[in-house]
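Here is a short briefing on one protein chain. Keep the sequence and the model open while you read.

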Amino acid sequence: MKELFDDVSYGCSKMVTKKYSTSFSLAVNMLSPKIRADIYNIYGFVRFADEIVDTFHDYNKAELMRHFEQDYYFAKEQKISLNPILHSFQQTVHKYNIPDEMVQAFLKSMKADLHKTEYNTKAEYDEYIYGSADVVGLMCLKVFVNGDEKLYTELKDAAMRLGSAFQKVNFLRDLKDDFELLNRSYFPNIDLGKLDAASKQLIIDEIEEDFDYAYTNGILKLPVEAKFGVYMAYRYYRRLLKKLKNLPSEKIMDTRIRISNPMKINLLARSYVKYKLNII
């Protein structure tokens, strides 16, 4: 039964999400059951690509990425793959007509991580973030609006800004690992070896502008099926940013900020109250 294979493939994408990110998984679980599977499918695909470039150091990462991309396009053409992550993702791509430009932009940024270690200009930085984060937000938005192109166009910029904000928070949180273990420096014109308070504040200000725009122009206007789940992810990342903001710049490279499980539960409860009271 093909339906059984589809269900197993979806289950794999869901498991990948839960194993790799309990926080994102919590937010996805707040989405309508009608769209959860497709968001899991998107996450599984982008997570596996990210793992290739960030984790598999004892293997030929370029070759793995090349095969991953080839296998995806074979899956897309045939509308099936024995790789359950690629199978479930191609189903979502076909179901919501996700443009290939988004997939290509994402893969381009992932492949850049195989060789590029510094981003010296804002144009390079913006292009990387567009591919690694903005288009993921746009893929999810395609699911959220379910074919409503007018709403998609209205929310597109906000979805990109939210994706950018999430990625920049990740950059700031992961400075130590990116700089010391992976030898990467994403923020242009900033010496991460000597990160000072002024440079850190510039980054924080940029992220807060992205968050404010995304909340007002995007999250508040999302369909009901998606609004609470996206709002939960937004609240989680804003809390991360607040903790990073309160951390002295000289300690950023020595500390990896996390949100405790009790705090996640507290965020969920408070967010749910606001949602039910129509405050968001």
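Asp-134 sits in helix H7, which spans residues 122–145. The model is predicted. Asp-134 is buried and has no salt bridge.

**Asp-134**

- The nearest side chain of opposite charge belongs to Lys-168, 7.3 Å away.
- Which residues touch Asp-134, leaving aside its neighbours within four places in sequence? They are Ile-129, Met-160, Gly-163 and Ser-164.

**Nonpolar core**

- The largest nonpolar core holds 83 residues. Ile-42, Phe-45, Phe-106, Phe-144 and Phe-211 touch the most other members.
- Helix H7 gives the most to this core, with 13 residues.
- Phe-144 has contacts beyond its neighbours within four places in sequence. Among them are Leu-31, Ile-35 and Ile-39, and also Leu-222, Pro-223, Ala-226 and Val-230.

**Met-110**

- Met-110 lies in helix H6. Its relative accessible area is 3%, so Met-110 is buried.
- Met-110 and Ala-49 are 61 residues apart in sequence. In space, their C-alpha atoms are 6.9 Å apart.
- Met-110 is in contact with Ala-49, Asp-50, Val-53, Met-65, Tyr-128 and Ser-132, leaving aside its neighbours within four places in sequence.

**Surface patch**

- Met-1, Leu-4 and Val-8 form a nonpolar patch on the surface. Together they have about 370 Å² of accessible area.
- Leu-4 lies in helix H1, residues 2–20. With a relative accessible area of 54%, Leu-4 is exposed.

**Loop residues with positive phi**

- Most residues other than glycine have a negative phi.
- Asn-97 is not a glycine, yet its phi is positive, at about 55°. Asn-97 is in the loop between helix H5 (84–96) and helix H6 (100–112). Its relative accessibility is 61%, so Asn-97 counts as exposed.
- Asn-146 is not a glycine either, and its phi is about 50°. Asn-146 is in the loop between H7 and helix H8 (149–173). Asn-146 counts as exposed, at 56% relative accessibility.

**Salt bridges**

- How many salt bridges are there? The count comes to 21.
- Lys-95 and Asp-38 meet through their side chains in a salt bridge, 3.3 Å from N to O. The pair links distant parts of the chain. Lys-95 is in helix H5 and Asp-38 in helix H3 (residues 33–54), 57 residues apart.
- Glu-127 forms a salt bridge with Lys-108. Their closest N and O atoms are 2.7 Å apart. Glu-127 lies in helix H7 and Lys-108 in helix H6, so the pair ties together parts that are 19 residues apart in sequence. Glu-127 is partly exposed, with a relative accessible area of 43%.
- Lys-116 forms a salt bridge with Glu-124, the closest N and O atoms lying 3.3 Å apart. Lys-116 counts as partly exposed at 22% relative accessibility. Glu-124 counts as partly exposed at 27%.
- Arg-161, Lys-168, Glu-206 and Asp-210 are linked in a network of salt bridges.

Definitions and conventions: Residues are numbered from 1 along each chain as its sequence is written. This is a predicted model: local features need pLDDT of at least 70, side-chain atom pairs count only at pLDDT 80 or more; totals for chains, interfaces and linings use all residues. Side-chain values use heavy atoms; hydrogens and water are left out. Helices (H or I, at least four residues) and strands (E, at least two) are DSSP runs, numbered from the N terminus. Buried means under 20% relative accessible area, exposed over 50%, partly exposed in between (1.4 Å probe, protein chains only). Lys and Arg count as positive and Asp and Glu as negative; His and the chain ends are not counted. A salt bridge is a side-chain nitrogen of Lys or Arg within 4 Å of a carboxyl oxygen of Asp or Glu. Contact means heavy atoms within 4.5 Å. A nonpolar core is a set of buried Ala, Val, Leu, Ile, Met, Phe, Trp, Tyr and Cys residues joined through side-chain atoms within 4.5 Å. Patches are made of residues with over 30% relative accessible area and no salt bridge: like charges are joined within 9 Å, nonpolar side chains (Val, Leu, Ile, Met, Phe, Trp, Tyr) within 5 Å. Accessible areas come from the Shrake-Rupley method with a 1.4 Å probe; for residues, only the protein chains shown count as cover.
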